[in-house]
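Please look through the structure shown here, and then work through the questions and answers that follow.

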Amino acid sequence: IPGDDASDAALLERLSQLSLRQGDWQSALHATDRLLRYPADAARALELTHRMARIYEEGLGDPRHAEETYRRAVEQHPTDLVAILALTEFYQRRRDTMALRVHLDRTAGAMRTRLQRDAFDIDAYRVLHRVLGWRGARDASGAAAAALVLIGVAAGEQQAAAEAARLHSPP
């Protein structure tokens, strides 16, 4: 296994990918965990965190650690719809309706808290719009979407975001 030198990040990535292809879940987990120690942008860190969660869930059959890892991603990236959706889909795969509802309700609550601090927080409105839609609260979701338009988000951008989110919406 490589040392802690930043130049080893590429080697760790290759080791992680190779281990995944060979089904060596422990080695893939170890290499991916080590990769998270290197400075990366938020998107890369989220990608690696999701990789770890999938290793726990699919490779090691450890849903408890997978859930913890998905939750950590949401805590670290509270307005990232990819992180929120990954945990949502995890609960759907587990058929854990109660945990799914709690997750969506907590996320909506966190966004409402952000909006109490800053009524013009576009990211909070975007997340609230999607989460309320996934929760089945269509009127509230529509109100969040209307707020986005009112605070100045261009209609074309909102439509593009809505279309992209619709493609990733859980059934």
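Q: What percentage of contacts in the chain between residues at least 6 apart in sequence join residues at least 24 apart?
A: This is a predicted model, and its chain has nine helices and zero strands. Among contacts between residues at least 6 apart in sequence, the share that joins residues at least 24 apart is 48%.

Q: How many residues does the chain have, and what percentage of them are buried?
A: A residue counts as buried when its relative accessible area is under 20%. Of the 171 residues in the chain, the buried ones make up 39%.

Q: Are α1 and α2 roughly parallel or roughly antiparallel to each other?
A: Helix α1 covers residues 9–22 and helix α2 covers residues 25–35, and their axes come within 8 Å and cross at roughly 155°. Angles over 145 degrees count as roughly antiparallel. The two helices, α1 and α2, are therefore roughly antiparallel.

Q: How do the residues of the contact of α1 with α2 divide into nonpolar, polar and charged?
A: On the α1 side the contact is made by Ala9, Leu12, Glu13, Leu15, Ser16, Ser19 and Leu20, which meet Trp25, Ser27, Ala28, Ala31, Thr32, Arg34 and Leu35 in α2. The residues of this contact divide into eight nonpolar, four polar and two charged.

Q: Which residues of α3 take part in the contact with α2?
A: The axes of α2 and α3 come within 10 Å and cross at roughly 160°, which makes α2 roughly antiparallel to α3. In this contact α2 contributes Trp25, Ala28, Leu29, Thr32, Asp33 and Leu35, and the residues that α3 contributes are Arg44, Leu48, Arg51, Met52, Ile55, Tyr56 and Gly59.

Q: What is the handedness of the crossing in which α2 passes α3?
A: The residues of the contact of α2 with α3 divide into eight nonpolar, two polar and three charged. As for the crossing itself, α2 passes α3 in one that is left-handed.

Q: Is Leu60 buried, partly exposed or exposed?
A: Leu60 is found in the loop between α3 (42–59) and α4. Leaving aside neighbours within four places in sequence, Leu60 is in contact with Trp25, Gln26, Leu29 and Ile55, and its C-alpha atom is separated by 9.8 Å from that of Gly23, 37 residues apart along the chain. The relative accessible area of Leu60 is 31%, so this residue counts as partly exposed.

Q: Is α3 roughly parallel or roughly antiparallel to α5?
A: The axes of α3 and α5 come within 11 Å and cross at roughly 10°. Angles under 35 degrees count as roughly parallel. The orientation of α3 relative to α5 is therefore roughly parallel.

Q: Which residues of α5 meet α3?
A: The residues of the contact of α3 with α5 divide into five nonpolar, one polar and two charged. From α3 come Leu46, His50 and Glu57, and the residues they meet in α5 are Val82, Ala83, Ala86, Phe90 and Arg93.

Q: How many residues apart in sequence are the parts that the pair of Tyr70 and Phe90 ties together?
A: Tyr70 and Phe90 form a tilted aromatic pair, with 5.5 Å from centre to centre and 45° between the planes. Tyr70 lies in helix α4 (residues 63–76) and Phe90 in helix α5 (residues 81–94), so the separation in sequence of the parts they tie together is 20 residues.

Q: Which residues form one aromatic cluster?
A: Tyr70 counts as buried at 4% relative accessibility, and Phe90 counts as buried at 3%. One aromatic cluster is formed by Tyr70, Phe90 and Tyr91.

Q: Which residues is Leu104 in contact with, leaving aside its neighbours within four places in sequence?
A: Leu104 is found in helix α6 (residues 97–117) and is buried, with a relative accessible area of 3%. Its C-alpha atom is separated by 9.4 Å from that of Leu128, 24 residues apart along the chain. Leaving aside neighbours within four places in sequence, Leu104 is in contact with Thr88, Val131, Trp134 and Arg135.

Q: How far apart in space are Leu132 and Thr107, C-alpha to C-alpha?
A: Leu132 lies in helix α7 (residues 122–135), and at 7% relative accessibility Leu132 counts as buried. Leu132 and Thr107 are 25 residues apart in sequence, and their C-alpha to C-alpha distance in space is 9.4 Å.

Technical notes:
Residues numbered from 1 in each chain as written. Predicted model: local features only at pLDDT ≥ 70, side-chain atom pairs only at ≥ 80, totals over all residues. Heavy atoms only, no water. Axes fitted to C-alpha atoms, helices over the stretch in contact; angles between N-to-C directions. Helix = DSSP H or I, 4+ residues; strand = E, 2+ residues; numbered from the N terminus. Parallel < 35°, antiparallel > 145°, perpendicular 65-115°, else oblique. Contact = heavy atoms within 4.5 Å. Nonpolar A, V, L, I, M, F, W, Y, C, P; charged D, E, K, R; others polar. Phe/Tyr/Trp six-rings, centres within 6.5 Å; stacked < 30°, edge-to-face > 60°. Buried < 20%, exposed > 50% of the residue type's maximum accessible area, 1.4 Å probe, protein only. Left-handed = near helix turned anticlockwise from the far one by under 90°.
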